[in-house]
Amino acid sequence: MAGLRVAITGASGRMGGELVDAATDRDDVAFVLAASRTPEVVPSGDAPGAADAVVADADLGAALRDREIDVLVDFTVPESSVDYLEAAADAGVAVVVGTTGYGEDGRATLDAVAERVPLLKASNFSRGVAALRRAVRATVPALDGYDVEVTETHHNGKLDAPSGTALTILDDVEGARGDDADRVHGREGEQPRTGDEIGVHARRAGDIAGEHEILLAGNNEVLELTHRAGSRSIFAAGALDAAAWLAGRDPGRYDFDAVLEPDGEDRADEGNPR
Ligand SMILES: NC(=O)C1=CN([C@@H]2O[C@H](COP(=O)(O)OP(=O)(O)OC[C@H]3O[C@@H](n4cnc5c(N)ncnc54)[C@H](OP(=O)(O)O)[C@@H]3O)[C@@H](O)[C@H]2O)C=CC1
Ligand SMILES: O=C(O)C1=N[C@H](C(=O)O)C[C@H](O)C1
């Protein structure tokens with residue numbers, strides 16, 4: 001491919017801005033189209049970190065075709081995301097999805113879109129969290145019967161709780177245990193722990209980019225597995241790596257692990273569904 005042509009939705013958002021900035025900096029990206037509900041506040045033109053073109057989100061479908069976009073990268077909210085992804089599918093454009101918090105309808109739309117174009121969704125595009133998930137899947141069976149509590153901490157502007165990453169990790173824990181645990185969110189009053197429950201805790205404060213901790217305790221010992229994002233740049237880099245990897249592939253659902261293991265098999269599966 002001569003150079004990747006990417007579109008980024010929600011360009012005035014925290015991740016949208018980070019993605020536009022990172023994409024304009026990459027040698028493998030030839031063109032950056034930004035889409036926003038408020039295009040007038042998104043920088044474009046020759047300034048460093050500015051998109052090559054900015055359009056109103058209502059004009060996204062036409063712009064994807066006119067600008068010959070290869071991949072759409074969406075980190076917005078579920079309500080807008082489903083419209084953006086359908087516009088991409090109509091235009092035959094691949095999609096990388098970082099948005100979290102979908103309900104059942106949103107997840108069904110993702111499945112339908114993946115039948116028409118390549119779709120890679122991850123609740124977390126950092127390499128560290130991908131490694132953390134591998135560690136969780138290996139550790140939980142090794143510590144059979146230990147109590148597990150998952151805690152996530154994010155900035156005070158985050159909408160969804162628990163985070164998509166925490167939900168993915170909970171799926172990993174349950175998959176490794178081979179059962180569906182009772183997920184207990186927070187704890188208040190007289191509420192002792194029951195046998196195989198998993199405690200889930202969501203904290204919101206300041207400008208924390210994202211922290212996830214898995215606590216395993218039993219047998220007079222404690223093991224803590226923790227990932228801390230230092231900035232959003234790691235998510236943007238991972239998502240753009242995924243976009244470069246996804247362009248030109250067949251329709252279907254792809255997993256971020258396949259991007260990180262380029263010599264491994266292409267895995268089009270249901271992984272990282274949140
Ligand atoms: N998978 C991953 O690695 C990561 C995922 N995320 C996820 O990305 C998503 C975005 O996070 P973040 O950038 O912090 O969020 P922000 O609130 O900062 O940005 C979301 C943007 O979405 C756009 N948007 C379009 N429609 C709506 C709507 N109806 N309501 C609100 N916003 C709308 C807006 O941009 P505009 O006005 O320009 O259209 C808005 O700024 C979240 O779901 C978050 O969990 C975040 C970090 C990493
Ligand atoms: O909203 C965020 O900021 C983040 N959201 C993702 C999630 O919900 O897991 C990933 C990351 O932790 C940052």
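UniProt positions are given here in the numbering of this chain, feature names are shortened, and annotations may be inferred rather than shown by experiment. The UniProt record, an unreviewed entry, places the feature "domain: Dihydrodipicolinate reductase N-terminal" at residues 5-125. The end C-alpha atoms of this span lie 20 Å apart, and the span is 36% helix and 23% strand. Helices (H or I, at least four residues) and strands (E, at least two) are DSSP runs, numbered from the N terminus.

The structure is a predicted model, in which local features need pLDDT of at least 70, side-chain atom pairs count only at pLDDT 80 or more, and totals for chains, interfaces and linings use all residues. Residues are numbered from 1 along each chain as its sequence is written, while chains are lettered from A and ligands numbered from 1 in the order in which they are written.

The domain assignment divides the chain into domain 1 (4-125 + 232-260) and domain 2 (127-228); such bounds come from an automatic or database domain assignment. The centres of the two domains, taken over C-alpha atoms, are separated by 29 Å. Ten residues of domain 1 are in contact with eleven residues of domain 2, where contact requires that the C-beta atoms of two residues, placed from the backbone, lie within 7 Å. On the side of domain 1 that touches domain 2, helix α8 (residues 256-260) gives the most, with three residues. That side of domain 1 is made up of three nonpolar, five polar and two charged residues. In this classification Ala, Val, Leu, Ile, Met, Phe, Trp, Tyr, Cys and Pro count as nonpolar, Asp, Glu, Lys and Arg as charged, and the others, Gly among them, as polar.

Two ligand shells were examined. A residue is near a ligand if its C-beta atom, placed from the backbone, lies within 6 Å of the ligand. Ligand 1 has 27 residues around it, of which Gly10, Ser12, Gly13, Ser36 and Ser80 come nearest. The elements that give two or more residues to this shell are α1 (14-25) and α3 (78-91). Helix α1 gives the most, with three residues. By class, the shell around ligand 1 holds seven nonpolar, 15 polar and five charged residues.

Ligand 2 is surrounded by Thr100, Ser123, Asn124, His154, Lys158, Ser163, Gly164, Thr165 and Gly210. The shell around ligand 2 has no nonpolar residues, eight polar and one charged. Both domain 1 and domain 2 give residues to this shell, so ligand 2 lies between them.

Two residues of the shell around ligand 2, His154 and Lys158, carry the feature "active site" in the unreviewed UniProt entry. His154 belongs to strand β7 (residues 147-154), and Lys158 to the loop between β7 and α6 (164-177). A residue is buried if 20 or more other C-beta atoms lie within 10 Å of its own, exposed if 12 or fewer, and partly exposed in between, with C-beta atoms placed from the backbone. His154 is buried because 25 other C-beta atoms lie within 10 Å. Lys158 has 17 C-beta neighbours inside 10 Å and therefore counts as partly exposed. Leaving aside neighbours within four places in sequence, His154 is in contact with Ser163, Arg204, Ile208 and Gly210.

Helix α1 has twelve residues and reaches 17 Å from its first C-alpha to its last, close to the 16 Å expected at 1.5 Å a residue. The expected span is 1.5 Å times one less than the number of residues in the helix. Met15, Gly16, Gly17, Glu18, Leu19, Val20, Ala22 and Ala23 are the buried residues of α1. They pack against β1 (4-8), β2 (29-36), β4 (71-74) and α7.

Helix α7 (residues 233-246) has 14 residues and should span 20 Å, which agrees with the 20 Å between its end C-alpha atoms. Its buried residues are Phe235, Ala236, Gly238, Ala239, Leu240, Ala242, Ala243, Trp245 and Leu246. Leu240 counts as buried because 24 other C-beta atoms lie within 10 Å. Not counting residues up to four places away in sequence, Leu240 touches Ala22, Ala23 and Arg26. Just after α7, Gly248 takes a positive phi of about 85°.

Ala181 is found in the loop between α6 and β8 (183-185). With 17 C-beta neighbours inside 10 Å, Ala181 counts as partly exposed. Ala181 and Asp196 are 15 residues apart along the chain, and their C-alpha atoms are separated by 6.0 Å. Beyond residues up to four places away in sequence, Ala181 touches Glu174, Asp196, Glu197 and Ile198.
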